[in-house]
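Here is a friendly briefing on a two-chain model, written for someone who likes the cut-offs spelled out. Have a look at the sequence and the structure, then read on.

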Amino acid sequence: MTTNESNAHIHPQPKSSLVLGLVGLTLVVVGPFVYVLLLDVPIMRSTGLPAFLLMGLGVCLSAWAVLRDGRKKIKGMLAANVVLTLTFAYAMFGYAQLPSGRGIVVGQIAPSFALSDSQGRTVELLDQATRGPTLLVFYRGYW
Amino acid sequence: MSELRGLGEVNDELKRQGGRLLAISTDPPVRTKKVVEKNRLEYPVLCDVDKTVIQAYGIVHEGAGPGGADIALPANILIDKNAEVVWTHIASNIVDRLSPDEVLAQAKEFGSALE
């Protein structure tokens with residue numbers, strides 16, 4: 001026991017730094033998946049909070065690993081983590097951003113239309129709306 | 001497309017108030033039919049193939065569809081009996097969707113305001 005402990009002190013710990021780096025990398029990779037799993041929770045969906053927490057922790061761990069052990073392999077992990085995190089941030093706040101300030105606003109009269117459904121039946125908005133509240137859900141489509 | 005799942009309850013609530021939910025995309029009927037069948041949707045899913053409706057509602061996302069086609073911005077628009085818009089939610093990014101519960105709460109709130 002005592003010998004092991006003192007050995008650990010004498011030798012640097014290449015293995016544990018590697019593990020630390022790998023744990024960091026895993027957290028960064030898992031982050032976006034956790035984000036997708038939690039899409040139903042509004043605050044998480046719009047801020048990406050859980051993903052950024054995990055990814056931030058991952059970057060910190062791999063940075064710590066580099067401080068302990070400056071081998072190329074471990075530096076590479078830190079670099080990969082930083083790149084992945086920045087890519088995710090860009091995907092979320094850059095690429096995925098939609099044009100804003102568009103669309104009909106509250107108080108306007110909804111333009112009438114007649115469209116066919118998947119069965120070829122025509123639905124007229126005015127005809128429908130006079131019966132009760134109508135919710136239009138526009139979606140991007142299926143591909 | 002995933003936002004269409006779980007909206008059955010919202011449709012039921014609107015029906016209780018005499019109304020209905022209508023889903024709309026620029027997909028052709030063939031693809032829309034797949035969406036309806038795959039998700040077993042019980043409300044009409046309409047095909048704005050020539051994009052006149054998304055233009056009229058000001059929610060065109062230019063060139064964002066397959067092959068650079070114009071598609072709809074994800075949007076929820078609630079309309080009252082006089083065809084007046086009473087509530088809207090237009091997505092700010094491609095994953096910004098309301099959960100079915102949030103939409104349901106809105107439909108219920110509107111219903112109770114009428115009573």
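## Strand pairing and the contact between the chains

S5(B) and strand S6 (residues 85-90) of chain B run antiparallel and are joined by five bridges. Strands count as paired if DSSP finds at least two bridges between them, while strands (E, at least two residues) and helices (H or I, at least four) are DSSP runs numbered from the N terminus. This is a predicted model, in which local features need pLDDT of at least 70 and side-chain atom pairs count only at pLDDT 80 or more, while totals for chains, interfaces and linings use all residues. Residues are numbered from 1 along each chain as its sequence is written, and chains are lettered from A and ligands numbered from 1 in the order in which they are written.

**Strand S3 of chain A, between two strands of chain B**

- S3(A) pairs with strand S5 (residues 75-79) of chain B in the antiparallel sense, over five bridges.
- In that pairing, Leu135(A) has Leu78(B) as its bridge partner, and Leu136(A) has Ile77(B).
- Strand S3 (residues 134-138) of chain A is also joined by five bridges to strand S1 (residues 20-25) of chain B, and these two run parallel.
- Here Phe138(A) finds its bridge partner in Ile24(B).
- How many of the residues of S3(A) are buried? Five of its five are, which leaves the strand mostly covered.
- Both faces of S3(A) are covered: Thr134(A), Leu136(A) and Phe138(A) are buried on one side, and Leu135(A) and Val137(A) on the other.

**The contact as a whole**

- Chain B contributes 66 residues to the contact and chain A 44 residues; two residues are in contact if their C-beta atoms, placed from the backbone, lie within 7 Å.
- Helix H2 (residues 29-39) of chain B supplies the largest share of the side of chain B that touches chain A, seven residues.
- That side of chain B divides into 40 nonpolar, 14 polar and twelve charged residues; Ala, Val, Leu, Ile, Met, Phe, Trp, Tyr, Cys and Pro count as nonpolar, Asp, Glu, Lys and Arg as charged, and the others, Gly among them, as polar.

**Helix H2 of chain B**

- Which residues of H2(B) are buried? They are Thr32(B), Val35(B) and Val36(B).
- Seen down the axis of H2(B), these buried residues fall within an arc of 95°, so they line one face of the helix; the arc is that of the directions from the helix axis to the C-beta atoms.
- The buried residues of H2(B) pack against S1 and strand S2 (45-47) of chain B.
- On the other side of H2(B), Val30(B), Glu37(B) and Lys38(B) are exposed.
- Arg40(B) follows H2(B) and has a positive phi, near 50°.

**Nonpolar cores**

- In soluble globular proteins, nonpolar side chains tend to be buried together.
- The largest nonpolar core has 41 residues, and those that touch the most other members are Val137(A), Phe138(A), Leu21(B), Ala23(B), Ile24(B), Ile59(B) and Ala72(B); a nonpolar core is a set of buried Ala, Val, Leu, Ile, Met, Phe, Trp, Tyr and Cys residues joined through C-beta atoms within 7 Å.
- A second, separate core of 15 residues includes Val28(A), Leu54(A), Val59(A) and Met77(A).

**The two chains**

- Chain A has six helices and three strands, and 29% of its 143 residues count as buried.
- Chain B has four helices and six strands, and 39% of its 115 residues count as buried.

Notes:
A residue is buried if 20 or more other C-beta atoms lie within 10 Å of its own, exposed if 12 or fewer, and partly exposed in between; C-beta atoms are placed from the backbone.
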